[in-house]
Amino acid sequence: MTEAFEKVEDIEIRLLLEALYHRYHYDFRSYAMSSVRRRLRQVRDNLGFATISAMQERVLHDPQMLPIMLRYLTVQVSEMFRDPSYFRAIRETVVPHLRTYPSLKVWIAGCSTGEELYSLVILFREEGLEERTLFYATDINPEALAQAEAGVYELERMRLFTENHRQAGGKTSLSDYYHSGYNRCVLDKSLRRNVVFSDHSLVTDQVFGEMHLVSCRNVMIYFDRVLQDRAVGLFKDSLPRNAFLGLGAKESLRFSEHADAFRDFVREEKIYQRTGS
Amino acid sequence: MTSTAKGAVIIGASAGALEALSLILPALPATFPLPIFVIVHVPPHKPSVLADIFNAKCRLRAIEVEDKEPIEPGVIYFAPPNYHMLFEDQSSLALSNEDEVLFSRPSIDVAFESAAEVWGAELIGIILTGANQDGARGLQAISKAGGTVIVQNPEDAYAKAMPETAIAFSPQAQVLSIADISAYLMSNSG
Ligand SMILES: C[S@@+](CC[C@H](N)C(=O)[O-])C[C@H]1O[C@@H](n2cnc3c(N)ncnc32)[C@H](O)[C@@H]1O
């Protein structure tokens, strides 16, 4: 690939992201360029567009193109009790603090298809905290949110989820929370009793309440540094002193301008506690 | 080369990686002037000990990367289990948990292709032992971008498939023994 050609593609990408923003208010302009570029090339190749500019034309005039673009631009990879040691650490070190509050609010930001949410709801139920907790599950991808709300997963994934749950210190059998049929498993409706699902973007929306715990895993890896600072700023404003923030296994506040507003709580698991500053 | 050397080294390895890397990385001097990225196929659901092992064995600092890790010369960066490693620019890394590519996350192809965009002709790409096809497309991308491409001689690789496929995709690659790969890097270390 020649230098000049590469630059043309970057211009096309920037224009396409502008188009998405102005037409639909989805703002991917400050996402990490390396993976946006990769995924837009996939759209182009898989859908048979000659260029990224051709996709821009279509996106502007055909609203049906939006969900397709969102499917590519927002990476929907998740798993129940993903990184079991994270959930074990929440159970063993965060839950004892949360017990001291009469009521609790938990925000799962970028909840994707719901796996992380249900992991926390089940954990809270096992620890006797679910009744007093309100869970906010938010994402920008409406299809993912709808799936999260439905709570239906492929049966074959349950083996991994069950093993993760066990390693996360699960006190019950995961099968207590779902019934299965037709190669699907349907999570118990009662798990959604205290959940509010809502469309919320860490890029364009504001804080909506005070939380005791924010869990935002593997979402900010898709943002550039400036946008990460905005998102962490939202978490900072949502969390009163001593409240908790959990990130993905390979994310950290080391490079954040808000690093001082948090202290390491469980360092290896990327669980932080809000300080007074 | 001096400390103003530009560029980067990127290495992909799978089955037999530990032994092959043990013959290359610990030999590098503390003054090695380029960042070195290493993508090894590791099991997704366990922490990897590679960075710790090589940090103990090498004169260079070896770390497992986190998202947005700054890139510095003379540091060995290992891709973490269950994430793809990508490059934003010559000074910063990004991770992604996009789908596996060729059953691999981290994927050698994904990292090599991204590095090729960022470093172009200043990149040295190396494919070592492995029993799959990963890395062949990535090495080809480096070659197309004008970078230097090197493949471990399949005859002395623990697993031949990965170097063989890489050579098939990039016939112009230099095919070297581990000792020669090591010597090549040393000759680039000022
Ligand atoms: C890889 S998934 C992470 C799922 C889950 N948190 C986990 O770790 O298993 C990333 C999610 O971030 C969501 N996302 C991307 N941009 C976002 C934004 N600006 N605000 C909120 N969520 C966003 C995507 O739609 C996707 O569901």
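Good morning, colleagues. Please keep in mind throughout that the model is predicted. I shall take the chains in turn and then go down to individual side chains.

I begin with chain A. Its secondary structure amounts to 9 helices and 10 strands. For 277 residues the globule rule gives 19 Å, and the radius of gyration of chain A is 20 Å, so chain A is as compact as a globular protein of that length. Along the principal axes, its C-alpha atoms occupy a box of roughly 60 × 50 × 30 Å. Buried residues account for 57% of the 277. If we take contacts in chain A between residues at least 6 apart in sequence, 76% of them join residues at least 24 apart.

As to its surface, chain A exposes about 12,300 Å², and 49% of that is supplied by carbon and sulfur atoms.

I turn now to chain B, which has 6 helices and 9 strands. Of the 190 residues in chain B, 61% are buried. Among its contacts between residues at least 6 apart in sequence, 69% join residues at least 24 apart.

The accessible surface of chain B is about 7,000 Å², with 54% belonging to carbon and sulfur atoms. Its charged side chains number 10 positive and 21 negative, yet the centres of these two sets lie 3 Å apart.

Let me move to a single residue. B:Ser170 sits in the loop between helix 5 (161-169) and strand 9 (174-176) of chain B. Leaving aside residues up to four places away in sequence, B:Ser170 touches B:Leu139, B:Gln140 and B:Ser143.

My last topic is the aromatic side chains. Over all chains, a search of the whole structure finds 16 aromatic pairs. One of them is formed by B:Phe37 and B:Trp119, with 5.5 Å from centre to centre and 40° between the planes, a tilted arrangement. This pair links distant parts of the chain, since B:Phe37 belongs to strand 2 (residues 36-40) and B:Trp119 to helix 3 (residues 108-119), 82 residues apart. B:Phe37 is buried at a relative accessible area of 0%, and B:Trp119, at 5%, also counts as buried.

A further pair, B:Phe54 with B:Phe78, is stacked, at 5.7 Å centre to centre and 20° between the planes. Here too distant parts of the chain are linked: B:Phe54 is in helix 2 (residues 50-57) and B:Phe78 in strand 4 (residues 75-78), 24 residues apart. Both B:Phe54 and B:Phe78 are buried.

Finally, in chain A, one aromatic cluster is formed by A:Trp107, A:Tyr136, A:Phe208 and A:Phe235. Thank you for your attention.

Note on methods: Residues numbered from 1 in each chain as written. Chains lettered and ligands numbered in written order. Predicted model: local features only at pLDDT ≥ 70, side-chain atom pairs only at ≥ 80, totals over all residues. Heavy atoms only, no water. Helix = DSSP H or I, 4+ residues; strand = E, 2+ residues; numbered from the N terminus. Buried < 20%, exposed > 50% of the residue type's maximum accessible area, 1.4 Å probe, protein only. Contact = heavy atoms within 4.5 Å. Areas by Shrake-Rupley, 256 points an atom, 1.4 Å probe, with all protein chains shown as cover. Lys, Arg positive; Asp, Glu negative; His and termini not counted. Charge placed at Lys NZ, Arg CZ, Asp CG, Glu CD. Phe/Tyr/Trp six-rings, centres within 6.5 Å; stacked < 30°, edge-to-face > 60°. Rg over C-alpha atoms; globule rule 2.2 N^0.38 Å.
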